[in-house]
2 protein chains.
Amino acid sequence: MMEPKPPLLAITMGDACGIGPEIISQACMLPTASPCVVVGDVATMRRAVVQCGLTLPVAQLDAPEDARAVPPQCMAVWEPDRLPAGLARLPAGQVHADAGRAAIRCIEAAAALALAGRIGALVTAPIHKQALAAAGSPYPGHTEMLQALAASGGSVPEVRMMLANDELRVVLVTIHVGLRQAIDLLSVDRILQTIRIAHRAGQRGGLATPRIAVAGLNPHAGEGGLFGNEEASVIEPAIRAAQAEGILASGPHAPDTVFMRARHAAGHVGEFDLVIAMTHDHGLIPVKYLGVDRGVNVTLGLPFVRTSPDHGTAFDIAGTGRADPSSLSAAISMARDLALRGLGLDALRP
Amino acid sequence: MMEPKPPLLAITMGDACGIGPEIISQACMLPTASPCVVVGDVATMRRAVVQCGLTLPVAQLDAPEDARAVPPQCMAVWEPDRLPAGLARLPAGQVHADAGRAAIRCIEAAAALALAGRIGALVTAPIHKQALAAAGSPYPGHTEMLQALAASGGSVPEVRMMLANDELRVVLVTIHVGLRQAIDLLSVDRILQTIRIAHRAGQRGGLATPRIAVAGLNPHAGEGGLFGNEEASVIEPAIRAAQAEGILASGPHAPDTVFMRARHAAGHVGEFDLVIAMTHDHGLIPVKYLGVDRGVNVTLGLPFVRTSPDHGTAFDIAGTGRADPSSLSAAISMARDLALRGLGLDALRP
């Protein structure tokens, strides 16, 4: 059988004042199995190469597809139109509206490439939420922005954030809102949609009936109603509805042990393929516990593949060249794998 | 220097229908460096020995102190008065008010021994919160019950739950309440008291200025106010007040990375000695992630040492003899260490 043509990956620059341009530069030094095009500002990328002390030519492309012709260990950059001027002169590590504006433009342009089928997958470098807000964006993060960009005919796709590393695949019901508001947002419909999206992702990943564990919200999953009623009022009905659709969902499980039970590691066979977490930190604490360098953020439900590192702009070390590109590299690898053959969940099975 | 006399440890039986009696029986087969007395029902303990298929004589004591004269690999049991009759005939794995009543009596009697200085430390086997409620207890768990029992002269000691394993020491601001109520309970005073209790525990553990990380409540610790205001309204003021008292507290840190940063493991030097978590599951998810068998629950702030395994009654396997005594054994070891020489936090330092 012929090996499929490697997909073209687009990497958005992220916030120009954060570590995004630096980790992209570092990652471009590593061997990759797919051609990559950086959607960003050429001058900012050249500055990042210098900040990292690298010898890495930066080629400005006329069209993203030209990246397939760029040799390895050369960075291919495609500049979207309407980028703010002077980005490469912004001080590192600070919130700046222009950096927010540029990040938004790069994401918009890259999403358009993905929707047009001109790239196989999208990898996004970190943005800063305060810079987005300073730039007037109504979106708190990538996920919400991509969801709006992928809307068609007035229909906004339901998307969910999945965090994945070697051991765990966690899909989040709520993400970038305060914890009180996250609890208010929990509903049978939102939880059921999350279970369905996780189920479809697992199926695309090669599992006929992915084993989906649904975590509770409250300590001990409510301890039979003594510690909160969300398990009875919204989580259990959503699980029952999913089961009625033939989905292998179980729970609500106690949040403090479900991730340990789902963990796939040497000598530890995980009980589940995917875990649904009600809140951002219930899901992210276990994924990040063994090191952020291994975690990848995957947006499920979009009409294209999108991954990102699971860390932020790290303003405290931006501009020093010290940022670790491991998570971005993992995101690039996972984007390629997803574009080629789905989630790869079968690798987690014993 | 003379080795100090090993402290006498008391182990409460826990819920007679749960795995408590079985894991105590299993743990009694392991070599321990301290004499132990089980505070419980003799017939129930004898049943558990049989359920586990062990050859382990069970000696009924007239006084707890007689445990010092009991040979190794013999279980020493002291029965408190007013235990319900027929406990050993209750079916395993079910909520029963009599099991709740017996568990409460054992805890009351053992706490009285501890307060009188007749034992060096208290280890508690798991109880079932619904059985407690069925027995009419107003307390949702051990911690609250022990706090009430330790009250003197109308003054109830402020206590906090600490979860500890080889890698992490986490102190919780809130525990056994629904998540909404936990958020409502957060106040400058409650958080500041938690930081103080953790600081004193660290100092008793041999660190002059323990490094205390305070986790935020909301995603990204509120992302500068975009995702909730509890960081600004209660957490930051508590940290500043603690710092003004000379405590080395920092934060609020993003909940999803602070535990990873604090982790002490081979090749990973933890940045902090103790982490303060706002909610039960923010704190327990990382402590349990690598396996519940290694976690120990320590109550800080009581006038005596108290530890327990960090798992529950496991009704699903109660009576089968298959329960794993590892966490109880770890709790026994930690109780002994705490009684002898404090928290042992210095061992976590690089």
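User: In this predicted model, which residue does A:Val170 stand opposite in β10(A)?

Analyst: Strand β7 of chain A covers residues 169–172, and three bridges join it to β10(A). The two strands run parallel. Within this pairing, the residue of β10(A) that stands opposite A:Val170 is A:Val275.

User: Which residue of strand β8 of chain A stands opposite A:Val275 in β10(A)?

Analyst: β8 of chain A comprises residues 212–215. It pairs with β10(A) in the parallel sense, over three bridges. The residue opposite A:Val275 is A:Ala213.

User: Are A:Leu274 and A:Ile276, on one side of strand β10 of chain A, buried or exposed?

Analyst: Strand β10 of chain A spans residues 274–277, and both of its faces are covered.

User: In chain B, what is the bridge partner of B:Val170 in β10(B)?

Analyst: Strand β7 of chain B, residues 169–172, is joined to β10(B) by three bridges. These strands run parallel. The partner of B:Val170 in β10(B) is B:Val275.

User: And which residue of β10(B) does B:Val214 stand opposite?

Analyst: Strand β8 of chain B takes in residues 212–215 and pairs with β10(B) in the parallel sense over three bridges. Both faces of β10(B) are covered, with B:Leu274 and B:Ile276 buried on one side and B:Val275 and B:Ala277 buried on the other. The residue opposite B:Val214 is B:Ile276.

User: What is the area buried between chain A and chain B?

Analyst: The size of an interface is often given as the accessible area lost when the parts come together. Here 41 residues of chain A are in contact with 41 residues of chain B. Carbon and sulfur atoms give 65% of the buried area. The total is about 3,800 Å².

User: Which residue of chain A meets B:Glu230 in a salt bridge?

Analyst: The rule finds six salt bridges across the interface of chain A and chain B. In one of them the N to O distance is 3.0 Å, between the side chain of B:Glu230 and that of A:Arg180. The partner in chain A is therefore an arginine, whose side-chain nitrogen lies within 4 Å of a carboxyl oxygen of the glutamate: A:Arg180.

User: Which helix gives the most residues to the side of chain A that touches chain B?

Analyst: Across this interface the rule finds 12 residue pairs in polar contact. On the chain A side, at least two residues each come from α4 (129–134), α6 (179–185), α9 (255–262) and α10 (280–289). The largest contribution, eight residues, comes from α10(A).

User: How many nonpolar residues does the side of chain A that touches chain B have?

Analyst: By class, this side of chain A has 12 polar and 10 charged residues. The number of nonpolar residues is 19.

User: Why does B:Arg336 count as buried?

Analyst: B:Arg336 is in helix α11 of chain B, residues 326–341. Its side chain makes a polar contact of 3.4 Å with that of B:Ser34. Buried means under 20% relative accessible area. B:Arg336 counts as buried because its relative accessibility is 18%.

User: How far apart in space are A:Ser327 and A:Leu248, C-alpha to C-alpha?

Analyst: A:Ser327 lies in helix α11 of chain A, residues 326–341. At 1% relative accessibility, A:Ser327 counts as buried. A:Leu248 is 79 residues away from A:Ser327 in sequence. In space, the C-alpha to C-alpha distance between them is 31 Å.

Notes: Residues are numbered from 1 along each chain as its sequence is written. Chains are lettered from A and ligands numbered from 1 in the order in which they are written. This is a predicted model: local features need pLDDT of at least 70, side-chain atom pairs count only at pLDDT 80 or more; totals for chains, interfaces and linings use all residues. Side-chain values use heavy atoms; hydrogens and water are left out. Contact means heavy atoms within 4.5 Å. Buried area is the accessible area (1.4 Å probe) that two parts lose on being put together, summed over both. A polar contact is a pair of N or O atoms within 3.5 Å; within protein, one must be able to donate a hydrogen and the other to accept it, and residues adjacent in sequence count only if both atoms are side-chain atoms. Helices (H or I, at least four residues) and strands (E, at least two) are DSSP runs, numbered from the N terminus. Ala, Val, Leu, Ile, Met, Phe, Trp, Tyr, Cys and Pro count as nonpolar, Asp, Glu, Lys and Arg as charged, and the others, Gly among them, as polar. Buried means under 20% relative accessible area, exposed over 50%, partly exposed in between (1.4 Å probe, protein chains only). Two strands pair if DSSP finds at least two bridges between them.
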